[in-house]
Amino acid sequence: MAAKPPAGDPVQDAPEVAAPQHAAAGLPAIGHTLRIAQRQMGVRRTALTLLKVNQKNGFDCPGCAWPEPDKRHKAEFCENGAKAVAEEATLRRVTPEFFAAHPVADLAGRSGYWLGQQGRLTHPMYLPEGATSYEPVTWERAFDIIAEELHALADPDEAVFYTSGRTSNEAAFLYQLFAREFGTNNLPDCSNMCHESSGSALTETLGVGKGSVLLDDLHKADLIIVAGQNPGTNHPRMLSALERAKAGGAKIISINPLPEAGLERFKNPQTARGLVGGGTPLTDLFLQIRLGGDQALFRALNRLILEAAETTPGAVDEEFVREHTHGFEEFAAAARAADWDETLRATGLTRAEIDQALRMVLASRRTIVCWAMGLTQHKHSVPTIREVVNFLLLRGNVGRPGAGVCPVRGHSNVQGDRTMGIFERPAPEFLDALEREFGFAPPREHGLDVVRAIRALRDGQAKVFFAMGGNFVAASPDTEVTEAAMRRARLTVHVSTKLNRSHAVTGARALILPTLGRTERDVRGGGEQFVTVEDSMGMVHASRGRLEPASPGLLSEPAIVCRLARRVLGPESRTPWEEFEKDYGTIRDRIAAVIPGFEDFNARVSRPGGFALPHAPRDSRSFPTATGKANFTAAPVEYPTAPEGRLLLQTLRSHDQYNTTIYGLDDRYRGIKNGRRVVLVHPEDARELGLADGSYADLISEWTDGSERRAPGFRVVHYPTARGCAASYYPETNVLVPLDATADTSNTPASKSVVVRLEPSDPA
C-alpha cells in the first residue's frame, strides 16, 4: 500500500467495492449532482449557475464537447458537467496566504484530488529561482519575467506554447497568432494526447479531420455503433441522443472491453420514466472485445459485407463506391484475405457474435460509428480508424443523413482550438492567410507536439514552457520522465483557474496566472464580452458567463495573451493587441478574414444556437483529399498481445473524474467507493495469476526494448472485463506508458494497450 498521505489528503488505495451497476443516471445522479454543487457553491449560487449551463443565453459547459439540441431542457447539463461547473464556480479560494502556508514541496506531496479541492486561484503567483514557496506578483512583473526569459532564448523554437481544450476560440486564435509572430510553431495541445489519431485517419481518407455528423443525424440513424467509448461517464448527455435514436427505431451495437452501465440502460433524469421507471435499454448487441482488437473486427465485417454482395444486391453501395471513392480494389483484396483464426484471436469474440453484428449492419441503410479513446490510443490506432472509414464507405454511409463518422471529442473546445490554428503542423494555406491579414511572415517549419515537446525539454532543447490551461504534467505519459523534463526548464508558466499537479512541478522559475472561468462575467473596455466555442460536431456558438469573478484581479485568457504579446513583441508588432483586448468582436472579424467557414462571424454567432461549420463530405459528398475522392485504405491487421502470465492494461477515467480533474473518489457505476488505486481484472485471469479479490499488487509495464515501469500498491478488483485485459485509472497509471510508446503517424500515447505483469505486494 502507498505511504500514508499528508494530513487532510484522503487515502486512495483502500476502497470499498460493490457489484457494478447496470443502469446510469436516474435519481442517484440528481442527488449526487446537487450534493456536490451545493457543497462547492451553496444553494442559491447552485440554482443561478446550473440553469445557465449550455443555454443559448448562458455559458458553455467547461466539461465535454457534446453538442446541444436546438430545443433545450431547462436543465441542459449532466452530472459530470455539473461537477465541472461547481468546481469552477466554487466559493473556495486559494490566496497568497495559502501559498505561504504550503511550500512547493508540500504541494508536490499532495494528491490531485486535494489540490483541486482547495478552490479558485485569486492572484498571480511567482516562484523565484531557488525559492521554496510561491509569492504574489503583479501582472506587470509577471509579464516582464516571461518577456525576460523569452528574449533570452537563442531561438524562438526553444519555447513551447501548450493549449488545453477549454480555451475559447478567441483566446486560441490570439495565442497561436502570438506564438507565430514570436517565431515558432511549437503549439502542442491536448488533441495530441486524445483524438490526433482520428484527425490523422480522417484527413487522409475523407479530407476533413473532423466528424461528419450533426446531432440530428443520430436521431435519424438506423444503426449506431459505439466503439471504445463510455458515454455514461465521459459524455453523459450523449445518452439522451441515443435514447431518442432508440425511440425512432435505431439499433445500437456497443464494442468495448468493459461493460458500461450507461450503454446498458439509461434512466433519463429529465423524464418520469427515467426517474421512477426502468429507464431505456440502449445496447442491442454488446461485443466485449479484447483491447486493440477493433481493426480486426471491422476488417472481418468488411470481408463479410463483400461476400454478402455476391448474393445480396445493395450490400455494397456500388454507385457510391464508383463515383466517390478511390482505392477500392486494393482494399477489397486485403479485406477478402482476412483470416478468421486471427480475427477471433485478436477480438476475443465468437463467429456467431460477429455474424449477428453483420445482420444488423446489412439491415441498416443509415449507420453511424462513434468512438473515443478506446480506438485512438493504441499503436495501430490510425489504421484502425481508417478501417472504420472503409466500413462506412462500403455501404455509402458518408454524406447521407443519419450516417457518418462521429469521433466524440472529450474537452469542451478542443476541436475549436485546432480550427483556430492550435497545431504544430499548420497547413500552408492557413499560414498564407495569417501573413496576408497581419503582415508578418509566420514560421513554416513544423513545431513540436506533446511527446516531442517533452523530449525537447528533457534534452535541454526547450527552455520555456507556457500552458494555456490544462494540467500538462498529469495528462502526459511517462510521469517521471515528464516531471524531470519540466524541472529542466528555465521558466514554466500556467494560466489556470485552480491548483493542479503541474503547479508543483516547476522550472527554475515558475508563474501561475489566474484566469476567468466560463461561468464568470468578462467586462473589457467598458463592455461585457462573450467568447465562442466549437462542439464535437462542428457547431460554433457563443458563451456568456454570468457570475462575478472569483477575484477582482483576474484577467481573461484573451486579455492575458494580448498583454503578454504587447510586452514581448513590443511596438514593432503591427497586430492591434490593445484593440483585441478591449473588444472581442474585433478578434472575430480577423478570424473571419483568416479561417474559411467563419465569414460574417459576429453576425452569425449572434443568432441563438450559433451555426454549423462547412464539412464537404457531409454537405456535398466532395472529398478534399489528394485524390479528390474518399480513400479506401489497406493495411496489415495489427493487435496487441500479452505473453503468458501478463495482461493488457487500459487506462481510463472514474465516474468522479474529468480528464485529470478528480471531483471525488468514487466510481459509482463500477462499484468503487472511496479510492482510486484499483486494478480491474477478470476473475478467471486473477485466479490464474494467484490474485485474490481484495489483494494488492504492483503494476509493472513491459516494453519491447526491455524497459519496465512500475506503479505500486493497487487493490485487485475482480471485474467482468474481457479475458486477458485489465483496467486502471489515470493519471495514476500514466507512469506505465513510456514517452516513446505512441501511435504510428499520430504520435498519440498508446495508453490503451499496455502489457503488464501484476506482482503481489504487501498491503501493510
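## An open sheet of three strands

Strands β21, β22 and β23 form an open sheet in that order, with antiparallel pairing. The edge strands are β21 (531-534) and β23 (611-612), each of which pairs on one side only. The structure is a predicted model, in which local features need pLDDT of at least 70 and side-chain atom pairs count only at pLDDT 80 or more, while totals for chains, interfaces and linings use all residues. Residues are numbered from 1 along each chain as its sequence is written, and side-chain values use heavy atoms, with hydrogens and water left out. Helices (H or I, at least four residues) and strands (E, at least two) are DSSP runs, numbered from the N terminus; two strands pair if DSSP finds at least two bridges between them.

The antiparallel pairing of β21 with strand β22 (residues 539-543) runs over four bridges, and Val533 has His541 in β22 as its bridge partner. Four residues separate the two strands in their hairpin, where Gly538 takes a positive phi near 80°. On the other pairing, β22 and β23 are antiparallel over two bridges, with Ala612 in β23 as the bridge partner of Met539. Strand β22 is mostly covered, four of its five residues being buried (buried means under 20% relative accessible area, exposed over 50% and partly exposed in between, with a 1.4 Å probe and protein chains only). Helix α8 (residues 169-182) lies across β21 and β22 and runs at about 90° to β21; axes are lines fitted to C-alpha atoms, for helices over the stretch in contact, and angles run from 0 to 180 degrees between N-to-C directions.

Strand β16 (residues 464-468) is mostly covered, with five of its five residues buried. In a regular strand the side chains alternate between the two faces of the sheet. Both faces of β16 are covered: Val464, Phe466 and Met468 are buried on one side, and Phe465 and Ala467 are buried on the other.

Strand β7 (residues 159-163) pairs with β16 in the parallel sense over five bridges, and Tyr162 stands opposite Ala467 of β16. Strand β17 (residues 491-496) also pairs with β16 in the parallel sense, over five bridges; here Val495 of β17 is the bridge partner of Met468.

## Aromatic pairs

Rings of Phe, Tyr and Trp (its six-membered ring) pair if their centres lie within 6.5 Å; planes under 30 degrees apart count as stacked, over 60 as edge-to-face and the rest as tilted. By this rule the count comes to 22 aromatic pairs. The ring centres of Tyr162 and Phe472 are 4.9 Å apart with planes at 75°, so this pair is edge-to-face. Because Tyr162 lies in strand β7 and Phe472 in helix α25 (residues 472-475), the pair ties together parts that are 310 residues apart in sequence. Tyr162 and Phe472 are both buried.

Phe173 and Phe438 form a tilted pair, at 6.2 Å centre to centre and 45° between the planes. Phe173 lies in helix α8 and Phe438 in helix α23 (residues 428-438), so this pair ties together parts that are 265 residues apart in sequence. Phe173 is buried, with a relative accessible area of 0%, and Phe438 counts as buried at 5%. Ring pairs also link Phe161, Tyr175, Phe178, Phe182 and Phe466 into a cluster.

## Charges over rings

A charge sits over a ring if NZ of Lys or CZ of Arg is within 6 Å of the ring centre and within 35 degrees of the ring normal. Arg110 lies over the face of Trp114, at 4.1 Å from the ring centre. The charged end of Arg653 sits over the ring of Tyr658, 4.5 Å from its centre.

Ser556 is in the loop between β22 and α27 (557-569) and is buried, with a relative accessible area of 2%. Its side chain joins that of Tyr584 in a polar contact of 2.6 Å (a pair of N or O atoms within 3.5 Å; within protein, one must be able to donate a hydrogen and the other to accept it, and residues adjacent in sequence count only if both atoms are side-chain atoms). Not counting residues up to four places away in sequence, Ser556 touches Thr515, Leu516, Asp522, Arg524 and Tyr584, where contact means heavy atoms within 4.5 Å.

Helix α12 (residues 238-247) is largely enclosed by the rest of the structure, because seven of its 10 residues are buried. These buried residues are Met238, Leu239, Ala241, Leu242, Glu243, Ala245 and Lys246. Just after α12, Gly249 takes a positive phi of about 105°.
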